[in-house]
Amino acid sequence: MTTELLQVHNLKQYFPIKGGIFGRKINDVKAVDDITFAINEGETLSIVGESGCGKSTTGRAILRLDEPTSGEVTFDGEDLLSLNKKEMQKKRKDLQIIFQDPYASINPRQTVRQVLNEAMEIQNVLPKEERYDRMIELLETVGLGPDKLDRFPHEFSGGQRQRIGIARALAVDPKMIVCDESVSALDVSVQAQVLNLLQKLQKDLNLTYLFISHDLGVVRHISDRVLVMYLGKIVEIADKKSLFDNPKHPYTKTLLSAIPVPDPNAKKEQIVLKGDVPSPIDPPTGCRFHTRCPFATDRCKEEVPELRQNENLMGEQHQAACHYIEEIESGEMQPKY
Amino acid sequence: MEPSSNIIEVNDLRTSFFTEEAEVKAVDGVSFSVPSGKTLGIVGESGSGKSITSLSIMRLIQEPGQIVGGEINFKSDNLLDKSESEMRRIRGNEISMIFQEPMTSLNPVFTVGDQISEAYRIHQGLSKKQALQKSLEMLELVGIPSPKDRLKRYPHELSGGMRQRVMIAIALACKPELLIADEPTTALDVTIQAQILRLINNLQDELGMSVVLITHDLGVVAETCDYVAVMYAGKIVEYADVQTLFESPKHPYTVGLLSSLPRHDIDQEELQVIKGMVPSPTNMPEGCRFAPRCPFATDLCKEQLPTLDDLEDGNQVRCWVYSDKWDGDPEVNVKDDYGTATSS
Amino acid sequence: MLVFVLRRILQTIPVIFGVTILVFLMIHLIPGDPAQIIAGEAASDAQVQQMRDRLGLNDHLLVQYGRFLGDIMQFDLGNSIRSGNPVSAEIGSRFWVTFELAFFSTLLSIFIGIIAGVISATKRHTFLDTSIMVIALFGLSMPNFWLGLMLIQYFALPPLQWFPVSGWGSIEHMVLPVITLGTAGAAIIARMTRSSMLEVINQDYIRTARAKGVKEQIVTYKHALRNALIPVVTVVGLQFGTLLGGTVLTETVFSINGLGRLVIDSINARDFPIVQGTVLVIALLFVLVNFLVDISYRFLNKRIELD
């Protein structure tokens with residue numbers, strides 16, 4: 001029986017835009033606009049999408065690094081948004097984050113020992129005398145030697161720094177880690193090392209990951225389930241296999257077809273979208289993808305599609321937000337390029 | 001390959017950066033050629049020297065960097081022998097370049113029209129009005145909607161994808177024979193990347209130019225290039241046509257790179273990794289530069305640098321395994337044995 | 001842009017009020033009875049009382065402030081105690097002298113500062129660069145009254161006698177005071193231009209310009225300088241604003257009848273209406289210059305228009 005470790009209900013994150021002569025709020029950037037999903041204990045759920053789709057904002061809102069506009073975030077049975085600052089600080093012991101930029105997310109004036117010690121100090125996880133052994137153990141866990149303990153961040157390569165970031169997150173024994181583009185800045189060969197490490201840690205420590213990435217190759221490799229976002233909305237959510245082999249939303253299909261495949265013989269049909277992603281300040285009405293969707297009709301312009309499932313066409317955990325899943329599948333509707 | 005059919009031939013190019021302590025050999029004896037009308041991909045990870053190679057061709061290396069040796073033969077003239085003013089007539093005219101960061105590669109205080117026009121005014125001596133007219137045609141060619149209006153816009157008013165299209169318009173304004181694209185789509189989203197790659201490809205056909213594409217993305221290489229040079233630590237380790245490179249990679253680094261790449265189109269078990277990390281440019285290994293990370297490395301590899309040797313199919317590889325001097329397992333097959341060799 | 005200008009105008013209103021309040025309070029904050037001071041030490045009690053009535057000092061402070069504001073609106077700053085002339089007329093006759101002095105000094109600062117800064121940046125880490133920066137440091141550290149005196153010593157007194165020692169009116173009169181006042185500004189602008197240029201020259205768009213085949217001089221003076229000057233504009237504006245109120249020493253050294261000397265003379269003669277009026281005018285000018293700097297910065301820097 002799987003239990004849901006994290007539940008997100010109707011989460012909204014609007015950032016006000018100030019303007020006019022008096023600097024009043026004139027509009028909002030609707031970065032995340034009413035999304036609902038859950039993550040099971042021990043699984044990896046990935047959020048994918050292009051820049052501005054709201055994937056990183058979602059991660060930050062869950063950790064309350066930005067205060068969400070509205071919605072509910074339940075972690076381990078507790079409503080995170082109702083906690084006060086101190087209680088939230090305590091909760092962060094169970095809910096850690098690893099950022100994209102290992103260069104920017106570690107204090108350059110602290111040694112690895114100080115970085116790890118501070119993490120343990122804040123959450124008070126271990127008595128002082130046991131911390132040294134724990135630090136050595138942590139370094140070993142992330143594949144760094146004990147001799148690295150008193151080094152400064154600038155003495156490390158990008159991959160090693162990301163390992164320190166991981167060690168810092170692990171220092172407090174979290175239940176869940178949000179990985180926000182954690183391997184995006186790394187070279188392929190190093191990226192593979194870090195991905196393998198993350199997978200091994202998950203197995204050993206029964207960690208739950210919310211993995212935020214724009215790289216669908218990485219996502220396919222690491223996820224159990226995948227959630228696709230476009231302009232602040234969820235367009236599709238499914239187990240990994242369904243999403244990659246049987247995508248239902250036209251946007252997901254486009255996204256998958258746009259990624260270059262490292263195989264010159266893979267002759268695939270590439271869908272090239274017209275135009276840019278619209279602004280999240282005034283997102284399109286109805287389905288937000290309708291301005292670029294080759295199947296869009298008048299209904300798409302007016303009616304917001306809900307996430308739904310069609311038992312005949314889709315697996316149990318598979319939902320997509322499109323009015324015309326069936327018509328597109330049957331070939332009744334043809335794309336207009 | 002006939003020598004005359006190559007638009008550019010680079011021989012033993014060496015570019016170094018001089019710091020107070022040491023000479024950092026960023027590009028260390030690189031040789032390759034680009035057949036006319038074709039696309040050569042140069043792939044490598046950060047620090048491999050691929051971007052420095054491209055800037056060296058343009059002779060745009062800034063202090064404290066310096067091209068210290070080699071030849072760059074472009075249409076039978078050595079670019080390294082040209083004066084600065086001769087080089088200026090080539091840049092943006094016969095050889096053009098586009099860069100990775102469309103957000104910062106355009107000058108924020110000039111309009112798009114001004115920036116494209118400048119190329120026409122420098123190289124073709126057109127009047128302001130004529131140049132703007134030509135710029136308008138160029139914007140149409142690169143597929144920018146309502147080009148007349150965009151001509152008067154400033155870069156910050158355009159999206160990343162649009163800016164990269166403007167960069168392409170500037171680069172292709174004078175119909176160059178060679179386009180060097182340095183990670184042109186790395187900063188863009190995949191759907192925009194697809195648009196830009198398709199655009200470059202179409203324009204290449206239309207204008208009959210050759211392209212050097214610098215990238216770290218093997219997917220982009222497979223989709224757009226005819227030939228590939230793989231760089232590692234300042235040297236080319238493998239040069240092959242794109243089919244051969246992906247079907248039967250020869251160099252252990254190429255094999256490692258391909259097998260450590262997570263793919264969205266197929267299922268993979270655990271990713272095979274290249275252990276360790278890129279050597280520091282101030283402290284290069286004595287022998288083969290990949291030896292410290294190579295699962296097949298022998299004493300020979302650690303002591304002597306292999307040369308870039310021709311293979312039977314016309315491709316090239318810099319690895320002792322393929323030479324007569326190989327002192328390891330004679331039966332070894334780098335591609336098939338890489339996984340077992342790494343995990344052991 | 002229009003919204004920005006309007007918003008910026010609104011923002012200056014509290015500043016202007018603040019200025020008027022401070023200037024108004026000035027007369028009440030000085031030790032002793034203002035009426036006594038203005039009437040003079042030898043005045044009798046009746047005369048002081050009369051002065052108090054005339055100045056309205058018996059009214060409530062707010063009433064006095066309201067009257068003060070009302071007068072300002074009509075450009076009535078009272079009358080000079082010494083000459084009896086309206087303060088606005090006294091200031092008006094001196095203002096243009098100071099304005100000219102500040103204007104030409106700023107012009108000189110810009111001219112020298114930018115050229116020196118650009119040369120320094122393009123030839124960075126050479127002997128020329130180091131020399132320029134050392135000279136700039138001197139220019140910055142030298143007190144301007146001393147510089148003024150030195151200039152008089154060497155160029156106005158025998159044997160050279162190239163320029164007049166004092167006074168204002170002709171171009172010859174201007175040279176030494178303008179150099180005196182402009183040197184520090186030139187040094188600041190040179191240093192600012194240099195660092196700004198060094199930052200800009202490493203930007204991606206400079207590489208784009210070179211890749212296009214643009215000549216190095218044009219890269220420097222068109223592509224780089226246009227961007228590098230954006231932060232310099234702020235410095236220039238503030239420089240000019242400061243000079244409008246900061247010419248006191250220079251005017252004294254060269255005996256120029258500008259605002260600075262008017263203030264000094266009026267303080268010495270306890271001519272408070274004049275002091276009050278001059279301080280008010282200088283402060284308001286400073287606010288105006290600041291406003292113009294903000295607008296032009298906004299205009300030059302196209303990128304921040306989006307926010």
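Modeller: Helices (H or I, at least four residues) and strands (E, at least two) are DSSP runs, numbered from the N terminus. This is a predicted model, where local features need pLDDT of at least 70, side-chain atom pairs count only at pLDDT 80 or more, and totals for chains, interfaces and linings use all residues. Residues are numbered from 1 along each chain as its sequence is written, chains are lettered from A in the order in which they are written, and side-chain values use heavy atoms, without hydrogens and water.

Colleague: How far apart are the end C-alpha atoms of residues 228-254 of chain C?

Modeller: The unreviewed UniProt entry lists this span of chain C as a "transmembrane region", an annotation that may be inferred rather than shown by experiment. The span is 89% helix and 0% strand. Its end C-alpha atoms are separated by 36 Å.

Colleague: What is the area buried between chain A and chain B?

Modeller: The contact (heavy atoms within 4.5 Å) takes 39 residues from chain A and 42 from chain B. Buried area is the accessible area (1.4 Å probe) that two parts lose on being put together, summed over both. Carbon and sulfur atoms give 55% of a total of about 3,600 Å².

Colleague: Which residue forms a salt bridge with A:Arg220?

Modeller: A salt bridge needs a side-chain nitrogen of Lys or Arg within 4 Å of a carboxyl oxygen of Asp or Glu. Between chain A and chain B the count is one. With the closest N and O atoms 3.1 Å apart, the partner of A:Arg220 is B:Asp267.
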